[in-house]
Amino acid sequence: MTWEAIGWYVIGAFGLFIFLSITVMFLTWIERKFLARIQQRMGPMRVGPHGTLQPIADVIKLITKEDILPSWTDKPIYWLAPLAIFIPAIAIWVTIPFSETLVLQNLDLGLLYIAAISVLSVLGLVMAGWGSANKYSMLGGLRAVGQLISYEIPFIMAILGVAILSQSLSLIDIVNDQSAIANIIVQPLGFLIFLAAGLAELGRTPFDIHHAESEVVGGPFVEYSGAHWAIIQLAEYVNTFAIAALIAILFLGGWSWPSMPFTGITNDFLSLVWFLIKIYAVILLIFWIRGTFPRLRIDQLMSFGWKVLVPVSFINIVFTAIIRFYNLHWSILTVISLISIGIIFYLIYKTPQKSRKKDSIRIISAKDAVNNPPKNYGDINVR
Amino acid sequence: MEDQANKTTALNAASQKLLGILPSILNQPTLQYRTNIDELTVNLPGDLVHTICKILKTHTDTAFDYLTCLSVVDYEDILEINYHLFSYTKRHKMVLKCELKSTDPTISSISNIWRAANWFEREAHDLFGVLFEDHPSLDRLLLPDDFEGNPGLKSYPLHEYKEW
Amino acid sequence: MKISENINESGSTVDMLINMGPQHPSTHGVFRLVLQLDGELIVDAEPHIGYLHRGSEKLCETESYSQVVTLFDRLDYVANLNSELAYCMAVEKLLELQIPDRAWYIRTILCELNRISSHMLFYGVYGLDVGAMTPVLYGFRERERIQSLFEQVTGARMMHNYIRIGGVKEDTPPEFNENLHAVVLELEKAIEECDELLTQNEAFLARTKNISCLTIEDAIDFGVTGPILRSTGLVEDVRISEPYGIYDRFDFGIPIGSTGDCWDRYYIRMQEMRESLSIIKQAIKQMEPGEVQAKMRRIVRPPKGECFVRTESPRGDLGVFLVSDGSQNPYRVKVRAPSFANLQAIKHMLEGVYVADAVVILGSLDIVLGEVDR
């Protein structure tokens, strides 16, 4: 490798880092604004027009804040944990392309690299949980690991389904392969699995179990403050952006679907915009889910992961492989996927221990009840 | 519209009925039954409280399943414990009163009859220093463990307290 | 203590003691729960209360009868008017006062509104407890409307001191009826909106259905009252078992659950808001102009005696035991706080559930620590 190439890598990495930082600032703003819209309020309005400078104010606040080190912490682990969360979050971006040429380094085994790197950030969560010497952190860190083993298999399986369709692990190849038809139409099931597993990987509602504020008070991050906390937050949003980008690349056809009737620089620019629009659509979907969903319990996530996502992702892979092997038309896979989705939703809807009807609540007329005391417990007069 | 709203100064029908059957159920000739506004009130000696509460709860005609309130009133030399009882199935209510000497406020706990009594008794112990025998854990409830004195008592100074 | 001390020499694990509170986002005040955990499972739970103990009952003994109302505002600070009502009813019972009709209608309308605002708060924070962040803002939006209405009537948003012995402080302002009507219409819509947002949500059902099912027998034995008791299936409401005020003039329903789980407790409160609205609407129709304060002496001096009054506050059976020695100050005031008795059952409910459920169960009790600790 020449010095020139190394120079370009350094510049590229630096540019990527700057880009991601700015994106994260924008994401925090857009999340607050978007949630505020859902919740019928204004969101940040004070700093800059419509609060656009709020993220900058936040960054300044976080950096200038005192960085507190609780006295019982396991010091090296405690300080290294934010880095262990942050580095994988950035490293994953090495191979995520923005267009055919705009990528730091396209890897032939890009998907494998992503699947491998994305797991690493959990190590940081466990380190933070242990190092903080706080029982809530500890619970949160262990929850993160418990979560990992239940979503990681479907996560990889969903990626695998795409790889089988495209016959490649390189992200650029996968995008180009979708120029005719996007994977979300061929594999709606795979898309849903990836979305669910991705939300779990991000630790976002309804799977924000490891840092659940109302239960473990922020989980592994309880004790962090100032710049270290900022780094953790940065990593979290970078991850959100990465998962959204992956969904756009793997399932929404990236920049190539539907293909643009332009050429040259116009095409490059417009397809980049098109790609970003897709990413932000996915991000808004994630924020929307955050605004409306309660949190699941850790055992519910695990049983959802193992009893629903894992078997379903195997079904997805098997049928994809069959279609691919016998060169059948893709619409057969669509139909199979849709049928499976229907069955899954029906099964979830019919979960036996939850009677869904509201008629477990009866309304007794007060006028009747005044004169009729219950004969024995459970004796009722229905209005 | 006549105001049922404002006045129920007499026993209601359910409590009247209770007054009729109570002497035969309790079978304690020495007890005095009186009416206080709309409540049937019985004064009990301390050693009878547990037995009578048990009868009142388990007997099918009284069926006092709900201990509404347990309160202590400090009359300087006497601590009066009030048990307010209510029955969900019969909709009648009554008050048991038990007077304890404030020098030796000891009474048997009824927390094994109504579990509701547990915290009420702990509170009474906390604020008034009443000792409930056979209570599972008679610790301080509202006040810190190392608090001294029983602030519910009339003898406890209100405005000359020490900052804790 | 370092966490590593929890691992003993033989390598086997020991239970972890964890302090939930007094500073924890979902203990609804300063309440401390010492949990003994085996992994995520709760082995044992020990509630500690008293962080907000202000000696209200003792303070009542030093204030005159009409001053005590302000202390009752500060007991259940979410449903202030309901606690004021309970105290005033107790004094009126001793005084054998006749309260004018209009005063009762105003009291009933305001108390039922306060019940709705209290349940709206519950709705919001229960959403937070299960991890949904939007309900709290919807709940507070409605609570805000009710509080603005209170402000017009009582002059205060929370500490009203409006219900007085013998009636209410003053008649409602002229624009009250119009504003009340608007609020009722808005609430009607809002309750449906809130219902749609959370009630049938899949994750919410998963978190609350069949969690901490309380049997009727246990509930009664623990002295649990209010929505939690009704969720177990017992038809009980002080408004029907010992009717007070003018509740016998209204046709309203009592929501009764069947399983006693957290979802039933939640949905009973949603239904109660609807029933409260129906009471308010009937009261608006029946209300006529008139006096709002009974004829009585300015200095309240009830005769020697004692009485016990039960009312149905949003949290359950709020009782006031009042002893008078004939002087200007009450001799003894004992508050039978519903949250206090409801909270007793928490130890029983928390056995063998997950930590995450502990939050959901505690939230479903809807405690107000001002009332628990008094």
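Two residues are in contact here if their C-beta atoms, placed from the backbone, lie within 7 Å. I note that first, as contacts come up in each entry below. I also remind myself that this is a predicted model.

**Entry 1: chain B overall**

Residues 24 or more positions apart account for 52% of the chain B contacts with a separation of 6 or more. I then asked myself how many helices and strands chain B has. I found three helices and seven strands, and from the N terminus on they run α-β-β-α-β-β-β-β-α-β. Along the principal axes, the C-alpha atoms of chain B fill a box of roughly 50 × 40 × 25 Å. Chain B has 164 residues, and 40% of them count as buried.

Next I checked the confidence. The mean pLDDT of chain B is 81, with 91% of its residues at 70 or more. I flagged residues 1-8 of chain B, where pLDDT stays under 50. For this stretch the model has eleven contacts beyond four places in sequence.

**Entry 2: the two domains of chain A**

I moved on to chain A, which is divided into domain 1 (1-64) and domain 2 (73-260 + 270-354). Their C-alpha centres lie 21 Å apart. The contact takes 17 residues from domain 1 of chain A and 17 residues from domain 2 of chain A.

Which elements give two or more residues to the domain 1 side? They are α1 (3-38) and α2 (54-64) of chain A. The largest share of that side, 13 residues, comes from α1(A). Sorting the domain 1 side by class, I got twelve nonpolar, four polar and one charged residues.

**Entry 3: helix α5 of chain C**

My last stop was α5 of chain C, residues 135-154. This helix has 20 residues and reaches 28 Å from its first C-alpha to its last, close to the 28 Å expected at 1.5 Å a residue. I went through its buried residues, which include C:Pro135, C:Tyr138, C:Ile146, C:Leu149, C:Phe150 and C:Val153. Also on the buried list, I noted, are C:Glu142, C:Arg143 and C:Arg145.

Why do I say that the buried residues line one face of α5(C)? Seen down the helix axis, they fall within an arc of 150°, so they line one face. The buried residues of α5(C) pack against α4 (101-129) and α6 (176-199) of chain C. Just after α5(C), I came to C:Gly155, which takes a positive phi of about 90°.

Terms used: Residues are numbered from 1 along each chain as its sequence is written. Chains are lettered from A and ligands numbered from 1 in the order in which they are written. This is a predicted model: local features need pLDDT of at least 70, side-chain atom pairs count only at pLDDT 80 or more; totals for chains, interfaces and linings use all residues. Domain bounds come from an automatic or database domain assignment. Helices (H or I, at least four residues) and strands (E, at least two) are DSSP runs, numbered from the N terminus. Ala, Val, Leu, Ile, Met, Phe, Trp, Tyr, Cys and Pro count as nonpolar, Asp, Glu, Lys and Arg as charged, and the others, Gly among them, as polar. pLDDT is the predictor's confidence in each residue, from 0 to 100. The expected span of a helix is 1.5 Å times one less than its number of residues. A residue is buried if 20 or more other C-beta atoms lie within 10 Å of its own, exposed if 12 or fewer, and partly exposed in between; C-beta atoms are placed from the backbone. The arc is that of the directions from the helix axis to the C-beta atoms.
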